[in-house]
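Subject: Structure handover

Hi,

Here is the structure you asked about. Please open it alongside this note; the findings follow below.

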Amino acid sequence: MRAARCHTVGGPVVVEDIPEPPFPGPEFTEENGIPVDVHYAAVNFADVLVIDGTYQMRAEPPFTPGSEFAGVVAASAHGFEKGERVFGSIFVGAFAERVTARPAALSRVPDGIPTQRAAAFGVSHATAYDALRLVADVRPGDRVAVLGAAGGVGLAAVELAALLGAEVIAVASTEEKRAVCAEQGAQVTLPYDELKRSLRNAGGADVVIDPVGGPYAEEALRAMRWGGRFVSVGFASGEIPRIPLNLPLLKGVSLHGFDLGGWARHRRDDLVTARTELRGLFAAGKIRPRVHAVYPLADVAEALALGRRAIGKVLLEVAHGV
Ligand SMILES: NC(=O)c1ccc[n+]([C@@H]2O[C@H](COP(=O)([O-])OP(=O)(O)OC[C@H]3O[C@@H](n4cnc5c(N)ncnc54)[C@H](OP(=O)(O)O)[C@@H]3O)[C@@H](O)[C@H]2O)c1
């Protein structure tokens, strides 16, 4: 099968022929897995970190990067039928014509929802929804400021906060990005310049969702309303902010971190509840992730290099793009 391969830490990532995973074979167990023919895979920030060897977990080269996919089940197993459309996430392996996944890592694509849309809905929306619902407990009328609002997690947070009835303030670096945020439901859009002042002038925020970190975290925090909830979900800027603790003290603001892995280990029941709600919204057609571009698998290196230039999700077309 064709697969993107990383032979050395840091890349490059090249597409080549490798043997298919056992089908079914010695690894075909309850733990690992159901064979899925991949139609689309999504490129995530974490994939770049895994290739660079800077992610919290290491993949040993040579490996196939890619953590999110949608396609069809290639053999009936563990309650899934051959030919069923599914989407799911794994640590590595998705940038290939076939993956094997644990049953718990797979979900059925709801009827009427295109497979491509399912590939763009997954980790980013789950992260955003959990941060908004489980951590920040967003209620209708809350003012939610989203940093990095045109990125994968950011744009999902804009869309979902609007669906939850919040007033959304999207912070993004370019006019083009801000225009897309407005299309996805943001009432107010702001650049990063003088963020503390502009966010205050816009009425402040009850909730901040921050996938970016760096100096803007503190600026956003300084513009929060009393009693707000600040949720850190990532550090796309590469800089981990150091927050003076007098700020949450004086503002009555609570600081939270959200990490999918930690919640999966410690608060699985809550995650399952949130996932059921989120999938209900997705199946009802209320969630439409924005796809920035779809690249053939052969152009995986180009897709990975897009980085901050992407607005929303970047996909690889694997079934027809090899
Ligand atoms: N906690 C979790 O469970 C979880 C789950 C998924 C992702 N994450 C993390 O969340 C963060 C965002 O992920 P994502 O998928 O939304 O990434 P993304 O699609 O690449 O978007 C990141 C956004 O961050 C902003 N940014 C600022 N400085 C940047 C820089 N130096 N390089 C790249 N982007 C920069 C960009 O917006 P502007 O141009 O507008 O600044 C960009 O749109 C990452 O750190 C990721 O690891 C965490």
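A residue is taken as near a molecule or strand if its C-beta atom, placed from the backbone, lies within 6 Å of it. Two notes on the source. This is a predicted model, where local features need pLDDT of at least 70, side-chain atom pairs count only at pLDDT 80 or more, and totals for chains, interfaces and linings use all residues. Residues are numbered from 1 along each chain as its sequence is written.

Ligand first. The ligand is surrounded by 29 residues, and the closest are Gly148, Gly151, Gly152, Gly234 and Ala236. Helix H1 (45–52), helix H3 (123–135) and helix H4 (152–163) each give two or more residues to this shell. Helices (H or I, at least four residues) and strands (E, at least two) are DSSP runs, numbered from the N terminus. By class, the shell holds 14 nonpolar, 12 polar and three charged residues. Here Ala, Val, Leu, Ile, Met, Phe, Trp, Tyr, Cys and Pro count as nonpolar, Asp, Glu, Lys and Arg as charged, and the others, Gly among them, as polar.

Now the domains. The assignment gives domain 1 (2–121 + 289–317) and domain 2 (124–263); such bounds come from an automatic or database domain assignment. Each of the two domains supplies at least three residues to the ligand shell. Their C-alpha centres lie 28 Å apart. Eight residues of domain 1 are in contact with 11 residues of domain 2 (contact: C-beta atoms, placed from the backbone, within 7 Å). The side of domain 1 that touches domain 2 has four nonpolar, two polar and two charged residues.

Next, a sheet. Six strands form an open sheet in the order E10-E9-E8-E11-E12-E13, with parallel pairing. Two strands pair if DSSP finds at least two bridges between them. Strand E10 (188–190) and strand E13 (254–257) are the edges, each pairing on one side only. Neighbouring strands are turned by 20° against each other on average, direction ignored. Axes are lines fitted to C-alpha atoms, for helices over the stretch in contact, and angles run from 0 to 180 degrees between N-to-C directions.

Within that sheet, five bridges join E11 (residues 205–210) to E12 (residues 224–232). Asp210 has Ser232 in E12 as its bridge partner. Helix H7 (residues 215–222) lies across E8 (143–146), E11 and E12, and runs at about 170° to E11.

Overall, the protein chain has 11 helices and 15 strands. Its C-alpha atoms fill a box of roughly 60 × 35 × 35 Å along the principal axes.

Best wishes

Conventions:
Two residues are in contact if their C-beta atoms, placed from the backbone, lie within 7 Å.
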